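Grab a pencil and keep the viewer open. The exercises below take you through one protein chain, step by step.

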Amino acid sequence: MIPKEIVILGEKWRIKFCKKTFKSQDYYGVCYRDKRLIVINPDLDLMEQYKTLWHEIGHALFTRNGVTFSGGVSAEMEEIIVETYANLIQDIFFNGVLKFKS
């Protein structure tokens, strides 16, 4: 189950599901940096919701580290980096790259 809030580098961020945010199917999630809010499309299956969460957490990390507003990384490069990060986390936790014992 996806939590309703998480702490990212010491700062609390809320996580919401909102269908009306996603009138276009081009977006699975949105990171509202100024509100410390991640919104995920509720129509996604659970695996896509988690991958979207990892992706949006990547944007939040860029914000918390000051990278987003430093001008050192373009929006396009940030997107590539956070998508790569999301794929890695998804592989680690859900696709068996690492095996965890309970």
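Before we start, two terms: helices (H or I, at least four residues) and strands (E, at least two) are DSSP runs, numbered from the N terminus, and two strands pair if DSSP finds at least two bridges between them. This is a predicted model, where local features need pLDDT of at least 70, side-chain atom pairs count only at pLDDT 80 or more, and totals for chains, interfaces and linings use all residues. Residues are numbered from 1 along each chain as its sequence is written, and side-chain values use heavy atoms, leaving out hydrogens and water.

**Exercise 1. Find the hairpin and describe its turn.**

Step 1. Look at E1 and E2: they form a hairpin with 2 residues between them.
Step 2. Check the turn, where Leu9 has a positive phi of about 50 degrees.
Step 3. Now the pairing: E1 (5–8) is joined by 4 bridges to E2 (residues 11–17), and the two run antiparallel.
Step 4. Pick out partners across the hairpin. Ile6 stands opposite Trp13, while Val7 has Lys12 as its bridge partner.
Step 5. Compare the faces of E1: Ile6 and Ile8 lie on the covered one, Glu5 and Val7 on the uncovered one.

**Exercise 2. Work out the order of the strands in the sheet.**

Step 1. List the elements from the N terminus on: β-β-β-β-α-α. That gives 2 helices and 4 strands.
Step 2. Recall that strands of a sheet pair through backbone hydrogen bonds, either parallel or antiparallel.
Step 3. Spot the edges, which are E1 and E3 (29–32), each pairing on one side only.

**Exercise 3. Which residues have the most contacts inside the largest nonpolar core?**

Step 1. Buried means under 20% relative accessible area, exposed over 50%, partly exposed in between (1.4 Å probe, protein chains only). A nonpolar core is a set of buried Ala, Val, Leu, Ile, Met, Phe, Trp, Tyr and Cys residues joined through side-chain atoms within 4.5 Å. Contact means heavy atoms within 4.5 Å.
Step 2. Read off the answer: the largest core has 16 residues, and Trp13, Ile15, Ile38, Ile40, Leu53, Trp54 and Ile57 have the most contacts inside it.
Step 3. See who contributes. E1, E2, E4 (37–40), H1 (46–64) and H2 (75–94) each supply at least two residues, and H1 gives the most, with 5.
Step 4. Zoom in on Ile57: not counting residues up to four places away in sequence, it touches Ile6, Ile8, Ile38 and Tyr85.

**Exercise 4. Why does the ring pair of Tyr50 and Trp54 count as tilted?**

Step 1. Rings of Phe, Tyr and Trp (its six-membered ring) pair if their centres lie within 6.5 Å; planes under 30 degrees apart count as stacked, over 60 as edge-to-face and the rest as tilted.
Step 2. Here the centres are 5.7 Å apart and the planes are at 35 degrees, so the pair is tilted.
Step 3. Widen the view, and ring pairs link Tyr50, Trp54 and Phe93 into a cluster.

**Exercise 5. Is Glu78 buried or exposed?**

Step 1. Find Glu78 in H2.
Step 2. Its relative accessible area is 5%, so Glu78 is buried.
Step 3. Name what Glu78 touches, again leaving out residues up to four places away in sequence: Arg33, His59, Phe62, Thr68 and Val73.
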